[in-house]
Amino acid sequence: MNITVRYFALLRERMGRESEVLSWDDAEPTVGHLRGHLADRAPAHDAFLRGGTLLVAVNREYAAADTVLRDGDEVALFPPVTGG
Amino acid sequence: MEPLGDKARIQQGPFDAAAELERIKAASTRIGGVVLFVGVVRDFSQGHGVTKILFEHFPGMAEAKLSELREAAIGRFDLIDLVIVHRVGELAPGDDIVLIAAAAEHRAAAFDGCSWCIDELKKAVPIWKKEHAPDGAVWLEAHP
């Protein structure tokens, strides 16, 4: 299955990209699995990717760590919002 | 100025607060009061000068969350109408950032609805600001 991951603001700058497509073999990966995978892959950003302040949206709705991902989902990762 | 658009929207260019006020007043003759909040770029933040602020948003999701926020506030405070406009891109001190116009039959609902709206916007709408100062630029981590 393929998951599109998008990054915004500080996280986009730290990851050095706006988005990427991850191919996944796991049968029912969750948001938590995805974050762990990304953190393992980029140890320099481990604390940020696993940290409690990071927000996650799946298909543009806020999602929790146990949200199950499906083929074609778009997962956005970003820091706490600071608009207004 | 950009033309008046959706009542919950994101735009790059300036908004016309007077025109938004006239439009919302025209929504209903039941309106007894409108509270208008305009957030503005300050030239000083957290102990240093600010030369400009870059606002970034998540296109699609930010508009959707603004629209949900508008509907929620109307229902919660029994507002007659509500306009929320947030600008993105590069803004300088003195520039307008955000406009909220809340119209109700009486002032209490208009004040409460407007206040709740800006508080919720700062928690839930995916927009981020990067402050530029003479000694560098930093993404804000928390919202004051």
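Helices (H or I, at least four residues) and strands (E, at least two) are DSSP runs, numbered from the N terminus. Keep that in mind for every element I name.

A word on the model. This is a predicted model, where local features need pLDDT of at least 70, side-chain atom pairs count only at pLDDT 80 or more, and totals for chains, interfaces and linings use all residues. Residues are numbered from 1 along each chain as its sequence is written, and chains are lettered from A and ligands numbered from 1 in the order in which they are written.

Chain A, then. Its secondary structure comes to 3 helices and 5 strands. Reading from the N terminus, the order of elements in chain A is β-α-β-α-α-β-β-β. The radius of gyration of chain A, taken over C-alpha atoms, is 12 Å. The globule rule, 2.2 Å times the number of residues to the power 0.38, gives 12 Å for 84 residues, so chain A is as compact as a globular protein of that length. Along the principal axes, the C-alpha atoms of chain A fill a box of roughly 35 × 30 × 20 Å.

Now burial. A residue is buried if 20 or more other C-beta atoms lie within 10 Å of its own, exposed if 12 or fewer, and partly exposed in between; the C-beta atoms are placed from the backbone. By that count, 29% of the 84 residues of chain A are buried.

And contacts. Two residues are in contact if their C-beta atoms, placed from the backbone, lie within 7 Å. Take the contacts in chain A with a separation of 6 or more: residues 24 or more positions apart account for 53% of them.

One residue as an example: A:Val56, in strand 3 of chain A. What does A:Val56 touch, leaving out residues up to four places away in sequence? The list is A:Val31, A:Ala63, A:Val75 and A:Leu77. A:Val56 has 18 other C-beta atoms within 10 Å, so it is partly exposed. A:Arg70 is 14 residues from A:Val56 along the chain, and their C-alpha atoms are separated by 15 Å.

Stay in that region. The loop between strand 3 (55–58) and strand 4 (61–62) of chain A holds A:Asn59. A:Arg60 lies in the loop between strand 3 and strand 4 too. Phi of A:Asn59 is near 50°, a positive value in a residue other than glycine. For A:Arg60, phi is near 70°, again positive in a residue other than glycine.

Next, where the chains meet. The contact takes 13 residues from chain A and 23 residues from chain B. On the side of chain A that touches chain B, helix 1 (9–15) and strand 5 (74–78) each supply at least two residues. That side of chain A divides into 9 nonpolar, 3 polar and 1 charged. Here Ala, Val, Leu, Ile, Met, Phe, Trp, Tyr, Cys and Pro count as nonpolar, Asp, Glu, Lys and Arg as charged, and the others, Gly among them, as polar.

Over to chain B, and its sheet. Two strands pair if DSSP finds at least two bridges between them. In chain B, 4 strands form an open sheet in the order 7-5-9-10, with antiparallel pairing. Strand 7 (89–91) and strand 10 (136–139) of chain B are the edge strands, and each pairs on one side only.

Walk across it. Strand 5 (residues 52–57) and strand 7 of chain B pair over 3 bridges, antiparallel. There, B:Ile53 has B:Leu91 as its bridge partner. Strand 5 and strand 9 (residues 127–133) of chain B are joined by 6 bridges. B:Lys52 is bridged to B:His132 in strand 9. Strand 9 and strand 10 of chain B pair over 4 bridges, and they form a hairpin with 2 residues between them. In strand 10, B:Ala137 stands opposite B:His132.

Last, the core. A nonpolar core is a set of buried Ala, Val, Leu, Ile, Met, Phe, Trp, Tyr and Cys residues joined through C-beta atoms within 7 Å. The largest one has 54 residues, and those with the most contacts inside it are B:Leu79, B:Ile84, B:Ala102 and B:Ala103. Strand 8 (residues 96–104) of chain B gives the most to this core, with 7 residues. Beyond four places in sequence, B:Ile84 touches B:Ala8, B:Leu66, B:Leu69, B:Arg70, B:Ile100 and B:Cys117. As background, nonpolar side chains tend to be buried together in soluble globular proteins.
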